[in-house]
Amino acid sequence: MDEEITIIDTNARNERIKNFFINNKKKLIIIISIILVIIIGYLSFENSKEKNKIKLANQYNLALIDLNPENKQKTIDEMVNVVKSNDATYSPLALYHLLDNNLLENNDEINILFNELIENTKLDNEIKNLIIYKKALFNSDFVSENELLKILNPVINSESIWKSHALYLLAEFFYSKEEKQKAKEFFNQIIALPNANSAIKTESQKRLNRDLGE
């Protein structure tokens, strides 16, 4: 008797499942189609990203190889295009190459490229903070106190590993301007910073002891 009941229950369950698929066939087909479209779209997107990455890598490497005085402008154009591609890996490398080789002479153009990385490229926070610091370092010889502080504010108001670098740049900036009290304040901030770079903390202490009366 129990066996017969089990068979009847099994048949009823199978019938309900069968009816469910029959009654909802269109909905199921639509759902499966949507899932397939999403999967195919994702795979196509990832494949496209990988192809773009390879293309950028080739563009960057060819520009490195072709660099010579006769085709300097071609290299500049290639590297600028790589920066503007907003790739997390090759865009920063391209800007560093332009700067390290003094290929760009226009400060405004260089700052536009810095801003392209900082504002429009999806970067790890610490990579972005490093680029902000590099932008400040580049500008420190010709911008005002307020402009330099504005550039560095995102870093000095964070817990970034580059915070001590930013504070040291400001301290030395004010020291070079003979504004020793301001320089002293920034050196002291470095000393009090728990995660300050050890070499920078040592140099700050030396500067305080040797040149600022501490």
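**Helix packing and a pocket**

Helix α7 and helix α8 (residues 163-176) pack at an angle of about 165 degrees, and their axes lie 9 Å apart. Helices (H or I, at least four residues) are DSSP runs, numbered from the N terminus, and an axis is a line fitted to C-alpha atoms over the stretch in contact, with angles running from 0 to 180 degrees between N-to-C directions. α7 is therefore roughly antiparallel to α8, a term for angles over 145 degrees. The crossing of these two helices, α7 and α8, is left-handed; that is, the near helix is turned anticlockwise from the far one by less than a right angle.

The model is predicted: local features need pLDDT of at least 70, side-chain atom pairs count only at pLDDT 80 or more, and totals for chains, interfaces and linings use all residues. Residues are numbered from 1 along each chain as its sequence is written, and side-chain values use heavy atoms, with hydrogens and water left out.

Which residues of α7 and α8 make the contact? From α7 come E145, L148, L149, L152, V155 and I156, and from α8 come K163, A166, L167, L169, L170, F173 and F174, where contact means heavy atoms within 4.5 Å. The residues of this contact comprise 11 nonpolar, no polar and two charged. Here Ala, Val, Leu, Ile, Met, Phe, Trp, Tyr, Cys and Pro count as nonpolar, Asp, Glu, Lys and Arg as charged, and the others, Gly among them, as polar.

Attention now turns to α5 and its partners. The axes of α4 (residues 90-100) and α5 (residues 107-120) come within 10 Å and cross at roughly 160 degrees. These two helices, α4 and α5, are therefore roughly antiparallel to each other, and α4 passes α5 in a left-handed crossing. S91, P92, L95, L98 and L99 of α4 meet I110, L113, F114 and L117 of α5. This contact of α4 with α5 has eight nonpolar residues, one polar and no charged.

α5 also packs with α6, at an angle of about 165 degrees and with the axes 10 Å apart. That makes α5 roughly antiparallel to α6. The contact includes N107, I110 and F114 of α5 and K128, I131 and F138 of α6. Its classes are seven nonpolar, four polar and three charged residues.

α5, α6 (125-139) and α7 (145-156) each supply at least two residues of the lining of the second largest pocket. The largest share of that lining, four residues, comes from α7. Among the lining residues are N111, I132, N139, E147 and K150, and by class the lining has five nonpolar, three polar and three charged residues. The volume of this second largest pocket is about 230 Å³. On a 1 Å grid over the protein atoms alone, a pocket is an open set of points where a 1.4 Å probe fits, with protein on both sides within 12 Å along at least five of seven lines, and lining residues have an atom within 4 Å of a point. Grid points are joined across faces, edges and corners, and a volume is the space filled by probe spheres set on the points.

Notes:
Angles under 35 degrees count as roughly parallel, over 145 as roughly antiparallel, 65 to 115 as roughly perpendicular and the rest as oblique.
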